[in-house]
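Open the model in your viewer and keep the selection tool ready. We will go from the whole chain to single side chains.

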Amino acid sequence: MKGLMNTQLGAVVIDPEVIARYAGSVAVECFGIVGMAMVSMKDGLVKLVLGDNLTRGVHVMIQDNKITLNFHVIVSYGVSISAVADNLISNVKYKVEEFTGMSIEKINIFVEGVRVID
């Protein structure tokens, strides 16, 4: 379902792909996040997603103009996962709500792997 806002001049429709791309770009800027993860259902392997494919690690659901985001991430080795998750949630919640004008109902974070960064 797409996000819909009615204004006095007409309707604004936001595609979930746009929200996923923006949320993915905000997420990779957060401390401790190496990148988004794409899980292959066929063989169960996790791939690190960088660049333009950030939407592959983000799943967006919109219901009654409330957004639910699922992030599949890879975190840096040696950082506190709870601290990284708290940082990710607060940054994404603020920036996506500001960007879309819709509220975030829930953010789920799935840590798919850990990477050592040089």
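Start with the cartoon view: the protein has two helices and seven strands. Helices (H or I, at least four residues) and strands (E, at least two) are DSSP runs, numbered from the N terminus. Trace the chain from the N terminus, and the elements run β-β-α-β-β-β-β-α-β.

This is a predicted model, where local features need pLDDT of at least 70, side-chain atom pairs count only at pLDDT 80 or more, and totals for chains, interfaces and linings use all residues. Residues are numbered from 1 along each chain as its sequence is written, and side-chain values use heavy atoms, with hydrogens and water left out.

Now show the surface. Of the 118 residues, 36% count as buried. Buried means under 20% relative accessible area, exposed over 50%, and partly exposed in between (1.4 Å probe, protein chains only).

Select Ser76, in strand S6 (residues 66-76). Is Ser76 buried or exposed? Ser76 is buried, with a relative accessible area of 15%. Leaving aside neighbours within four places in sequence, Ser76 is in contact with Gly32, Val34, Val114, Arg115 and Ile117. Contact means heavy atoms within 4.5 Å.

Next, select Tyr22 and Phe99. The structure holds one aromatic pair. Their ring centres are 4.1 Å apart and their planes are at 10°, so the pair is stacked. (Rings of Phe, Tyr and Trp, its six-membered ring, pair if their centres lie within 6.5 Å; planes under 30 degrees apart count as stacked, over 60 as edge-to-face and the rest as tilted.) Tyr22 sits in helix H1 (residues 16-28) and Phe99 in helix H2 (residues 81-100), 77 residues apart.

Last stop: the three salt bridges. A salt bridge is a side-chain nitrogen of Lys or Arg within 4 Å of a carboxyl oxygen of Asp or Glu.

- Glu17 and Arg21: 3.8 Å, N to O. Both lie in helix H1, four residues apart, about one turn of the helix.
- Lys93 and Glu97: 2.8 Å, N to O. Both lie in helix H2, four residues apart.
- Lys95 and Glu29: the closest N and O atoms are 3.9 Å apart. Lys95 lies in helix H2 and Glu29 in the loop between H1 and strand S3 (33-39), so the pair ties together parts 66 residues apart in sequence.
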